[in-house]
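Colleague: Before I use the labels on this structure, I would like to know what stands behind them. Please take me through them.

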Amino acid sequence: MTYQKSYIHLACFFMILFAKSFCLAGDRVLLKDPPVNFSLKAEVLAVLPFIHDKVLLLQRLPTHPQANLWCAPGGKIHWNETVKEAAVRELWEETGIKIEKDALVNLGKFYVRYPNGDFIFHLYQTHLSESDAIKIQISKAEHQNFCLCPVEKIYHLPLTPGLEECFELAMNK
């Protein structure tokens, strides 16, 4: 595992520890405006890939931060790439599915505050074909499973913090 991946996994670990308390308190995880004294630690993204009325979700490894929770493909934006380039790369690295940048629909840029650091979070959605579903090959270094979950059953899964908000944004777009 590279240093960069280790940093992201550590950041995710702390994010989930504190996100649960925010979610239980009824607060939103995704903020439209930067909070006071916002101090950027990293810029990250997620892609919600839809195939008809289903969304592709990935299940985290039991040994990783956010163990066994379901998430969308995503990760850190590298310094030398655009947000859309990072979204295309992360989707390919984590699922084996290659898309074009123009297939991404921007759902917004958000600010996330946790006691261990602040993050800018970009959210995209894309629509995949039936043939893309056949090509899914998850990264076994990061995930243990995937599912094509019917949209109406998303909330029955144990999701990573903030993912429910992401789905709300996608459904209302």
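Modeller: Helices (H or I, at least four residues) and strands (E, at least two) are DSSP runs, numbered from the N terminus. Residues are numbered from 1 along each chain as its sequence is written. This is a predicted model, where local features need pLDDT of at least 70, side-chain atom pairs count only at pLDDT 80 or more, and totals for chains, interfaces and linings use all residues; side-chain values use heavy atoms, with hydrogens and water left out.

Colleague: Where does Ser131 lie?

Modeller: Ser131 is part of helix H3, residues 130-134.

Colleague: Why is Ser131 called partly exposed?

Modeller: Buried means under 20% relative accessible area, exposed over 50%, and partly exposed in between (1.4 Å probe, protein chains only). Ser131 has 39% relative accessibility, so it counts as partly exposed.

Colleague: What makes Cys147 count as buried?

Modeller: Its relative accessibility is 19%, and the cut-off is under 20%. Cys71 is also buried, because its relative accessible area is 8%.

Colleague: How many aromatic pairs does the search find?

Modeller: The whole structure gives one. Phe38 and Tyr111 form this edge-to-face pair, 5.2 Å centre to centre with 90° between the planes. Rings of Phe, Tyr and Trp (its six-membered ring) pair if their centres lie within 6.5 Å; planes under 30 degrees apart count as stacked, over 60 as edge-to-face and the rest as tilted.
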